[in-house]
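Please keep the sequence and the structure in view while reading.

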Amino acid sequence: MDFQEFSQQNQPQKSTSEIISHAFETYKGVFLYAILAMVLYFVASMLIQPISGFDSRAFSEEITSADGDFTSIDIWSIPGMKLYYGLSGLLGLVLAPLYVGVIYVANKYNFKQPVNFSDLFIGYKQNFLNIVIYSLISSIIFTVAFMMCLLPGLLVMPFLMLGYPILLFENASFADALSKSFNIAKENYGTFLGVSLLSLLISISGILLCGIGIIATMPFFLVAMYSTYCAFLGRPRQIEFKN
C-alpha cells in the first residue's frame, strides 16, 4: 500500500466527525482484542484485592447505606483501602503497555495485516520504560486536574490524545511524546476537544449496560487516539515485530 492509497482510504480528515467515524470503523474490527486487554486488566485488578485485604463488596454496601450522604465516610479508614489504592496505581503502570498494544492492533487492522494475540504485548518489547513513565506523568496530570474540578480534567484531555501513539510509532521518549502531543493539540484544540469528549462519552457508555458493558466500550478511547494520530500525523511507521 503506497502513501496515496493510505491517504485516500485509511486516513481520516482533520475533523471531529471524520476521526470518530474512522475510530468506529476501526474499533468494529478490533473490539475482541480490545475486550481481551480489558479483561486482563480487570482480572489483575481483582487479584490484588485479597492481597490488600480490601473488600469491595463491603465498601459498596457502605456507599449504598449512606443514602447520598458521603460526608461521614472516611475511605482511608476502610481496611485495606490504602494498600489497595497503592497496588492499583502500580498495576496501572505495569499494564499501561496494553494500551499501546490496542493501538498497535488497530493499526494492523487498518492496514489489513494479520493480527495475533501477542500483538497486544508489543509495549513490553518496545519502549517499555518510556510508556510506563508517560503513564505515570499523565496519571498525575489527570489526578491534579480532576481534583480541581471536573471541567479542568476534561479540558486537559485533548493535550494527551497523541501520547501513546507517538510512543509506539515514533519510539519517542516520554518527554518528546508529551511535548509533541501538547503542541499539536494546542494548534488544533477545538477538534481535539471534540474528539476527546465524544470518545470519553462512548467509552463510559458501557456503564448503562449493567456496568459490565464498560469492558466492551472503554478501549474505544484508545482507538480514537490512533485515529487522531492518523488524521494529524499521517501514515504511522510500520513496525517490525516478531511474534
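Which element gives the largest share of the lining of the largest cavity? The largest share, 4 residues, comes from α2.

## Basis of the model

This is a predicted model, in which local features need pLDDT of at least 70 and side-chain atom pairs count only at pLDDT 80 or more, while totals for chains, interfaces and linings use all residues. Residues are numbered from 1 along each chain as its sequence is written, and side-chain values use heavy atoms, with hydrogens and water left out.

## The enclosed cavity

A search of the whole structure finds 1 cavity of 30 Å³ or more; a cavity is a set of points on a 1 Å grid over the protein atoms alone where a 1.4 Å probe fits but cannot get out, and lining residues have an atom within 4 Å of a point. The largest cavity has a volume of about 50 Å³, volume being the space filled by probe spheres set on the points.

The lining includes Ala34, Met38, Tyr41, Tyr99 and Pro219, and by class it has 10 nonpolar, no polar and no charged residues (Ala, Val, Leu, Ile, Met, Phe, Trp, Tyr, Cys and Pro count as nonpolar, Asp, Glu, Lys and Arg as charged, and the others, Gly among them, as polar). Both α2 and α5 (96–110) supply at least two residues each, helices being DSSP runs (H or I, at least four residues) numbered from the N terminus.

## The largest pocket

About 1,400 Å³ of space lies in the largest pocket, a pocket being an open set of points with protein on both sides within 12 Å along at least five of seven lines. Of the 31 residues that line the largest pocket, Tyr41, Tyr99, Ser139, Phe142 and Met218 are the closest to its centre. The largest share of this lining, 8 residues, comes from α6, and the lining as a whole divides into 22 nonpolar, 9 polar and no charged residues.

## Packing of α6 and α9

The axes of α6 and α9 (residues 174–187) lie 8 Å apart at an angle of about 50°, so the two helices are oblique to each other (neither under 35 degrees, nor over 145, nor 65 to 115); axes are lines fitted to C-alpha atoms over the stretch in contact, and angles run from 0 to 180 degrees between N-to-C directions. Asn130, Ile133, Tyr134 and Ile137 of α6 meet Phe174, Ala177 and Leu178 of α9 in this contact, where contact means heavy atoms within 4.5 Å.

## Met161 in its loop

Met161 sits in the loop between α7 (150–156) and α8 (163–169) and is buried, with a relative accessible area of 0% (buried means under 20%, with a 1.4 Å probe and protein chains only). Among the residues that Met161 touches, not counting those up to four places away in sequence, are Phe192, Ser196 and Phe221; the C-alpha atoms of Met161 and Ser196, 35 residues apart along the chain, are separated by 7.3 Å.

Notes:
Buried means under 20% relative accessible area, exposed over 50%, partly exposed in between (1.4 Å probe, protein chains only).
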